[in-house]
Amino acid sequence: MSNDFKEKIEQWKRQFNAADIITIFGQYLTLIKTGKTYQGLCPFHEDKTPSFTVYPDTQSFYCFGCHVAGDFIKFIELKEGVDFNKAVKKIADLTYSNLPEGILTGNHTPVSKKQKEFNAYHEALLNHTEAL
């Protein structure tokens, strides 16, 4: 991933507050508030006691049983069995948030500025054959 793409994702992630993070995880498991964190049964292994912890302040999770960890995007990737781009799209849909322009195209593929410029140039050539 390019630095520009990473920065856009980081900016997008910063818009989510603790309630948004709990809403995202809460779509998949029941969470109980325990101080600054939330706990629940891990959705990635058989769990009899809550070992899955969500840290809203850092937008992350960790399971003390199976040691799976990551941010809320990684959680959706694992839970839904999708790639990064589809996970970002799913989160945007769940939270009714907009993605910054250029993060995803219709087919969920990141498009760089250079690629956009190339596509525009290519389109201009196709539409204006006299330029050839």
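**Notebook: fold and salt bridges**

I began with the contacts of this predicted model, and found that residues 24 or more positions apart account for 37% of the contacts in the protein chain with a separation of 6 or more.

I then went through the secondary structure, which comes to five helices and five strands, and noted that from the N terminus the elements run α-α-β-β-β-β-β-α-α-α.

For the surface, I looked up burial and found that 30% of the 132 residues count as buried, while the chain exposes about 8,400 Å², with carbon and sulfur atoms supplying 52% of that area.

Next I searched the whole structure for salt bridges, and the search gave four. In one of them the side chains of Arg14 and Glu7 meet at 3.1 Å, N to O; I list Arg14 as exposed, at 54% relative accessibility, and Glu7 as partly exposed, at 37%.

I looked at Lys13 and Glu10 together, where the closest N and O atoms of the salt bridge are 3.7 Å apart. The two are separated by about one helical turn, because they lie three residues apart in helix H1 (residues 3-14). Lys13 counts as buried because its relative accessibility, 10%, is under 20%, whereas Glu10 is partly exposed at 35%. I also noted that Glu10, Lys13 and Asp71 are linked in a network of salt bridges.

Last, I checked Lys89 and Asp93, whose salt bridge has its closest N and O atoms 2.9 Å apart; both residues lie in helix H4 (residues 84-95), four residues apart, about one turn of the helix. Lys89 is partly exposed, with a relative accessible area of 31%, and Asp93 is partly exposed at 44%.

Definitions and conventions. Residues numbered from 1 in each chain as written. Predicted model: local features only at pLDDT ≥ 70, side-chain atom pairs only at ≥ 80, totals over all residues. Heavy atoms only, no water. Buried < 20%, exposed > 50% of the residue type's maximum accessible area, 1.4 Å probe, protein only. Contact = heavy atoms within 4.5 Å. Areas by Shrake-Rupley, 256 points an atom, 1.4 Å probe, with all protein chains shown as cover.
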